[in-house]
Amino acid sequence: MVPKKDVLLEIKDLRIEGYSDEKWIEIVHGVDLTLHKGEVLGLIGESGAGKSTIGLASMGFARDGCRISGGTIEFDGMELTTTPQSDLRALRGSRIAYVAQSAAASFNPAHRIIDQHTEAPIQYRIQKRVEAQEDAQELYHRLRLPNPDEIGFRYPHQVSGGQLQRAMTAMAMACRPDLIIFDEPTTALDVTTQIEVLAAIRDIVDQFNTAAIYITHDLAVVAQMADTIKVLLKGEEVEEAPTEQMLDTPQEDYTKSLWAVRSFKRPQKQRPEGVDAIPIVSVQGIDAAYGKTKVLDDVSFDIYPGMTVAVVGESGSGKSTTARCITGLLPPTKGQILYNGEALPARYQDRTKEQLRQAQMIYQMADTALNPKIRISEIIGRPAQFYSGLHGTALKNRVDELLDLIELDPAKFYNRYPPELSGGQKQRVGIARALAADPSFIICDEVTSALDQLVAEGILKLLDRLQEEFNLAYMFITHDLATVRSIADEVVVMQKGKVVEQGPKDQMFTPPHHPYTDLLLSSVPEMDPNWLTTLLEERGTDAIGEAANV
């Protein structure tokens, strides 16, 4: 029998309150948590379960508008609920570190990566600047970042999302903390980059015997990372068990429902045939560049009315750039975009209001796509007013109608602000804003990647219903192949700015595949705790690193 390691973190009867409607409301209800040195605890649950709130509380921290109202949080013998703020600040970053969901939003864009990395060890007088920089480069080597001796001297916008996420993991390790809280660190990454980041996190935790709390809504990911899994629902603990036991024999109905998500799969549609079958959008041999750097090379595909074309590929493959060309935000340097058989002006400034109205976009991060200081009614009403000229009662009726369409009660949501909504509700508002223009074609840019699986399935069902109701065509940009299986009719696979393979979904998921398509399909995590280990052994470290560094 393996002896139990020393307890590093013990939380008992944790209670946290949030301030809303001029009163304090309890949002975490008496949660217990025990974490031993060198162990990884996975926290899972849908949006609003309290995962991130509990993760932050393990640092003795509560967000603005929240407060720790009860219970004890003991970290290595220190009671954090009674520790002075000055001592807590000294603890955070040195002995407890935090890795946020979005590295791009967490780094300061005005400072080089290595300067931000070395700030903590210098401030805490653990290392001098030269030593801290050398240690940073060593960590970049361990995390298999490209050009590890040079990459730190770049600014955050000069590296890819996956590289920046690994750089943030390295920064969390700068002071060799005893505990790291990983808050959805791979949510927005494509599957090949996700493997690299997961492997790097697991290696760094093993090498330094660091304990970790891994917060995620992706069950297959937590299966690769955690020794123990705790399931949460609405601020309460549902159940906790060792990972293999939890995967094999979950006890509670709610846990079983999490295991059964992504059951939604609509019938695949076929392209219309005949001389009258004209694509609503036809991308014909387009090239595009950022400055002198060519980023798209002879990209071509068609999207027909009422159909969904999924465009997949890893970071930097050209998916979102193609969308920018279609919308006119980035004029192609070669080729053309046709709408219903007629060429669109390359620049959106040269397009008519009617041409602009027909193509709308739903963005990946509703948090950044919705102005937090503008009411929901105005966010949805602006495009209805701009494109349809609605005012007064007619505009209010249209906003109410759109809120009904996205299954949000107008009486409750009309006057709310985005920060008052959950992630799934905000994404629904983004959908309503796109629908307000009454388009025929919508680009969905990673619209479910930041959502938990239950909420994501609800969004997919909503999009499917709206497509049937209004005969909408979708371009669905995604790195989630489960989403592709659920909703796509056709699939376009992109790599390094080129289309490497395309066709009907049933053909694309049937071997033989293009080697890159095969790489994507084999990179989707499975509900097997040994999956990542086996995959790394099969591919080898160098092959994994090449995929992630594209």
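Helices here are DSSP runs of H or I with at least four residues, strands are runs of E with at least two, and both are numbered from the N terminus. The model is a predicted one, so local features need pLDDT of at least 70 and side-chain atom pairs count only at pLDDT 80 or more, while totals for chains, interfaces and linings use all residues. Residues are numbered from 1 along each chain as its sequence is written, and side-chain values use heavy atoms, with hydrogens and water left out.

A handy place to start is helix H18 (residues 453–470), which holds both Glu469 and Arg465, four residues apart, or about one turn of the helix. An α-helix has 3.6 residues a turn, so residues three or four places apart point the same way. Glu469 and Arg465 form a salt bridge, with the closest N and O atoms 3.3 Å apart; the term stands for a side-chain nitrogen of Lys or Arg within 4 Å of a carboxyl oxygen of Asp or Glu. Glu469 is partly exposed, at 46% relative accessible area, and Arg465 is partly exposed too, at 30%. On this scale buried means under 20% relative accessible area, exposed means over 50%, and partly exposed is in between (1.4 Å probe, protein chains only).

The salt-bridge count comes to 27. Another of these pairs is Glu240 with Lys230, at 2.6 Å from N to O. This one links distant parts of the chain, with Glu240 in strand S10 (residues 236–242) and Lys230 in strand S9 (residues 228–233), 10 residues apart. Glu240 is partly exposed at 34% relative accessibility, whereas Lys230 is buried at 1%.

Lys334 and Asp287 also meet through their side chains in a salt bridge, at 3.9 Å from N to O. Lys334 belongs to strand S14 (residues 334–339) and Asp287 to strand S11 (residues 281–290), so the pair ties together parts that are 47 residues apart in sequence. Here Lys334 is partly exposed, with a relative accessible area of 42%, and Asp287 is buried, with 7%. Both turn up again in a network of salt bridges that links Asp287, Lys294, Asp297, Lys334 and Lys498.

Next come some packing details. In helix H4 (residues 113–123), the buried residues are Ile113, Ile114, Gln116, His117, Thr118 and Pro121. These pack against helix H5 (129–142) and helix H6 (161–172), with contact meaning heavy atoms within 4.5 Å. Just after H4, Arg125 takes a positive phi of about 60°.

Thr53 sits in helix H1 (residues 51–57) and counts as buried, at 17% relative accessibility. Leaving aside residues up to four places away in sequence, Thr53 touches Ile16, Ile27, Val28 and Arg63.

Val524 is in the loop between helix H21 (515–522) and helix H22 (531–539), and counts as partly exposed at 23% relative accessibility. Its contacts, not counting residues up to four places away in sequence, are Val191, Leu481 and Trp531. Val524 and Tyr348 are 176 residues apart in sequence, and their C-alpha atoms are 37 Å apart in space.

Lastly, Glu244 is found in helix H9 (residues 243–248) and is partly exposed, at 48% relative accessibility.
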